[in-house]
Amino acid sequence: MFFSKIGYLLLFIPLAAYVVWYILKGRKLEPAMKVSTVAPFLKNVKSYKNYIIDLPFVLRVITLSMVIIVLARPQSTNRWQNTEVEGIDIMLAMDVSTSMLAMDLTPNRLEAAKKVAADFVNSRPNDNMGLTIFAGESFTQCPLTIDHAVMLNMLNSVKCDIAAQGIIEDGTAIGMGIANAVSRLKESKAKSKVIILLTDGSNNRGEISPEAAAEIAKKFGVRIYTIGVGTNGTAPYPYGGQVVNVPVEIDETTLNKIATITDGNYYRATSNSKLKEVYEKIDKLERTKLNVKEFSTREEEFQIFAFIAFVTLLLELLLRNTILKKIP
């Protein structure tokens, strides 16, 4: 909570002095009467009034406290302000061909890639992020958005069965994946535009070659980080109800060339931990300062304090003029 007139809070100092004065001397100033003996009063049983005699004073202190707070004008802290944050536009381009079901990463390449990518998204709350998926064809799973909850939902729903369902053709169209991601970034006004391309194979589909797509990306100022995911040699792959070993064929030459053309980097991830390290390296490389204007509104919050002051004042007046009324 924010106080617009914070200087009024200094009134709590004389209020505290008033409380101390009341405790030390206030009650001694009450009128007194001298009598020859107190014997007639010794057997008198105390009334409940003796226990609430100080209640009006307590209510008065509460009333004054609430009035001071009202004078200080408590408000919500919402407002317009310019802040500097780190943020860039990032498109994740993820291979979802059936080869991503290989189990050389745990539980398989696709699920490992999704898990590390989700951690990467969560670590960059100020970035616009989107997701392109590709096999033999490519389409946008999630356009650029700052709503990372939506992005993560879309990422978690990615499966390798889209080719089997007839949604897209199976295969590996790296060039199409890049071109699709570039189409989402080309109009961006961000100082830094990035594509993180993850694949486990070599380009064998699509109308656009990976090199041509990289040149298009360079033209629009998009940097591409390429990741080849998969172990060396062979990898276990589920096929026909059993697991068979299949050769790992990653076109590292092409992935390296894509990264070089766009001033990016190529990384090889042969395990879950290596894949995590790759994303951590990219995270450190891509940090850009941006000025962001944040909007919020101020609202007066004095109402509850004014209501409490009214109630306590009313109770004090009722007590002083009824059960605790003094006779002159």
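Which helix holds both Lys 115 and Asp 119, and how many residues apart are they? Here are some notes to read alongside the model.

1. Ground rules. This is a predicted model, in which local features need pLDDT of at least 70, side-chain atom pairs count only at pLDDT 80 or more, and totals for chains, interfaces and linings use all residues. Residues are numbered from 1 along each chain as its sequence is written, and side-chain values use heavy atoms, with hydrogens and water left out.

2. The opening pair. Lys 115 and Asp 119 both belong to helix α4 (residues 109-122), where they sit 4 residues apart, about one turn of the helix. Helices here are DSSP runs of H or I with at least four residues, strands are runs of E with at least two, and numbering starts from the N terminus. The two side chains form a salt bridge at 2.8 Å, N to O. That term stands for a side-chain nitrogen of Lys or Arg within 4 Å of a carboxyl oxygen of Asp or Glu. Asp 119 is partly exposed because its relative accessibility is 36%; buried means under 20% relative accessible area, exposed over 50%, and partly exposed in between (1.4 Å probe, protein chains only).

3. Other salt bridges. The count comes to 12 salt bridges. One of them links the side chains of Asp 104 and Arg 109 at 2.9 Å, N to O, and both of these residues are buried. Another joins Arg 205 to Glu 169 at 2.8 Å, N to O. Arg 205 lies in the loop between β7 (193-199) and α7 (210-219), and Glu 169 in the loop between α5 (148-156) and α6 (174-185), so this pair ties together parts that are 36 residues apart in sequence. Arg 205 is partly exposed at 34% relative accessible area, and Glu 169 is partly exposed too, at 39%. Salt bridges with shared partners also join Arg 60, Glu 316 and Arg 320 into one network.

4. The sheet. Six strands make an open sheet, 6 in the order β6-β5-β4-β7-β8-β11, with mixed pairing; two strands pair if DSSP finds at least two bridges between them. The edges are β6 (138-145) and β11 (266-269), each with a single partner strand, so one side of each has no neighbour in the sheet. From one strand to the next, the twist averages 15 degrees. Strand β5 (residues 128-134) runs antiparallel to β6 and is joined to β6 by 5 bridges. Met 129 has Thr 145 in β6 as its bridge partner.

5. Helix α4 again. This helix packs on the sheet and touches β4 (89-95), β5, β7 and β8 (222-229), with contact meaning heavy atoms within 4.5 Å. The direction of α4 makes about 170 degrees with that of β4; axes are lines fitted to C-alpha atoms, for helices over the stretch in contact, and angles run from 0 to 180 degrees between N-to-C directions.

6. A helix residue to look up. Lys 274 is in helix α9 (residues 272-285) and is partly exposed, at 39% relative accessible area. Lys 274 and Val 229 are 45 residues apart in sequence, and their C-alpha atoms are 9.3 Å apart in space.
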